Amino acid sequence: MGRDIVEKRKNVYVCANCGYQSIKWLGKCPECNEWGTFEEEITISPSSSNKNNSSNKSNTDIQVYDYNKISGDEKERYTTSMSEFDRLLGGGLLKGEVVLFTGNPGIGKSTLLLQAAEEYSKYGEVIYISGEESPAQIKNRGNRIGITGKNLSLINETDIMKIYDYIILKKPKIVIIDSIQTLYNVELESVAGTPTQIRESTLKITELAKKYDTSFFIIGHITKDGKVAGPKLLEHMVDAVFNFEGEDGFFYRILRSTKNRFGSTNEIAVFSMEENGMKEIKNSSEYFLNERDEKNIGSMVVPVLEGTKVFLLEIQALITEAINGIPRRVVSGFDRNRIQILTAVVDKKIGMGLGMMDLFINVPGGININDPSADLGVIISILSVFRGVAISQKIAAIGELGLRGEIRKVFFLDKRLKELEKLGFSGVYVPEANRKEIEKNRYKLKLIYLRNIEEFLEGIKKDG
Ligand SMILES: Nc1ncnc2c1ncn2[C@@H]1O[C@H](COP(=O)(O)OP(=O)(O)OP(=O)(O)O)[C@@H](O)[C@H]1O
Ligand SMILES: [Mg+2]
């Protein structure tokens with residue numbers, strides 16, 4: 001049998017970035033043009049790796065379902081006391097769902113999932129499988145964050161086949177794998193963490209999830225350029241992908257759903273890392289907007305959509321004279337190219353001479369704004385510094401800017417306005433183009449309609 005397997009082994013080199021395969025090692029991938037991404041993989045033909053499976057069954061064994069007889073009821077969802085966490089999952093973790101949970105080293109993946117494990121144990125047995133830390137280390141963390149551990153067991157194993165058999169035997173409700181990069185299959189000759197091993201282990205996990213309705217969280221490492229370490233395929237194999245983000249030196253963390261088969265994507269939830277674990281921050285807008293004066297120069301609040309939720313964020317601008325005559329654009333939390341376009345448009349309109357000045361744009365809180373409706377907020381904060389006009393911090397701005405300086409319609413305006421009202425704002429700049437759609441609604445907010453930047457400038461001239 002040993003020889004049988006050897007004969008069917010095939011060596012290929014696979015690009016870890018895009019999955020391109022080659023029979024010899026290549027320095028540069030001809031598909032995605034990345035350098036040094038080729039890794040040797042040993043593939044085993046299906047007849048030897050799945051010897052007990054379907055290879056010798058006839059075609060008539062295929063299971064066919066009559067569409068009308070399939071029960072389409074949604075399966076049970078497991079919930080926790082962390083409502084923001086559940087919201088990202090689309091209302092809780094589904095029975096049999098596989099969630100890939102990624103994030104930088106030390107960001108708090110193990111901590112958050114240990115907390116979740118404790119909460120899920122009210123539904124039945126939960127197993128935490130760790131190939132990275134010893135049970136004693138996990139227990140230490142658990143003691144610190146107040147884990148009681150009822151229905152929770154720890155396994156310190158990395159052999160996927162042993163884990164596979166154990167899960168079939170125990171049929172736990174929920175399993176947490178910490179991490180996928182530590183698992184390996186002895187039948188494959190590559191070491192743990194290679195694309196082949198990661199793919200094989202994930203295949204086994206998804207198979208268990210489908211067959212036995214066990215739900216999985218798989219912790220995955222990410223590479224230094226922010227991609228999930230392992231084959232690109234990994235993200236396709238799982239039902240949902242969550243990424244835990246944060247910056248060095250800050251204690252808040254942002255959990256983001258980048259894929260979700262059972263809920264909407266690009267949702268975010270905010271957590272803060274405390275001595276006793278991750279605490280969710282329910283009213284995140286308040287959190288992002290704290291420590292602000294009543295009136296400020298160079299600051300504007302924008303309500304942006306992340307997934308289906310509105311977050312109020314502050315945009316700050318600063319202009320200084322360029323040293324050596326080379327103007328700098330230092331941007332954090334916003335697309336740099338977008339800032340170049342926006343400044344070009346305002347500069348053209350009112351001749352600010354920005355070409356001779358340094359411009360700094362910052363979004364405190366570590367969130368990256370991708371919503372074009374924040375354009376107007378950027379422009380107003382730049383104009384505010386330029387003219388030295390302080391802006392009331394009870395006023396926000398919503399609008400996308402076109403190249404002619406026109407302020408364009410935005411989506412989900414009503415939702416954004418409601419969030420501003422909830423947080424006690426008194427007025428907001430909105431696009432004239434949205435007037436028809438919102439005129440019929442009643443808001444406590446004062447709505448200031450704008451067609452273009454000139455209208456805004458006239459407005460501040462009038463008000464002084
Ligand atoms: N006593 C403590 N009080 C507060 N925070 C702590 C304490 N001990 C550890 N931490 C924090 O917990 C974080 C580690 O969290 P955790 O181990 O969950 O991260 P991780 O994402 O699983 O990391 P890794 O990639 O190493 O597995 C560290 O950043 C550390 O700052
Ligand atoms: Mg960890």
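Which residues are around ligand 1? That was my opening entry, and I kept in mind that this is a predicted model.

**Ligand 1.** I listed the shell and found Gly103, Pro105, Gly106, Ile107, Gly108, Lys109, Ser110, Thr111, Glu132, Arg144 and Glu275 around ligand 1. Next I sorted the shell by class, which gave 5 polar, 4 charged and 2 nonpolar residues. I also wanted to know which helix gives the most to this shell. Helix H4, residues 109-120, gives the most, with 3 residues.

**Strand E24.** I then moved on to E24, which spans residues 427-431. Why is E24 largely enclosed by the rest of the structure? I found that 4 of its 5 residues are buried, so the rest of the structure largely encloses this strand.

Strand E21 (residues 395-397) runs parallel to E24, and 3 bridges join them. Within that pairing, Ala396 has Val428 of E24 as its bridge partner. Strand E25 (residues 446-450) is also parallel to E24, joined to it by 5 bridges. Here I noted Gly427 opposite Lys446 in E25.

**The whole chain.** I finished with the overall picture. The protein chain holds 25 strands and 14 helices. I saw that 38% of its 464 residues count as buried. Along the principal axes, the C-alpha atoms fill a box of roughly 85 × 50 × 50 Å. My last entry is on contacts in the protein chain: of those between residues at least 6 apart in sequence, 66% join residues at least 24 apart.

Terms used:
Residues numbered from 1 in each chain as written. Chains lettered and ligands numbered in written order. Predicted model: local features only at pLDDT ≥ 70, side-chain atom pairs only at ≥ 80, totals over all residues. Near = placed C-beta within 6 Å. Helix = DSSP H or I, 4+ residues; strand = E, 2+ residues; numbered from the N terminus. Nonpolar A, V, L, I, M, F, W, Y, C, P; charged D, E, K, R; others polar. Buried ≥ 20, exposed ≤ 12 C-beta atoms within 10 Å, placed from the backbone. Pairing = 2+ DSSP bridges. Contact = placed C-beta atoms within 7 Å.
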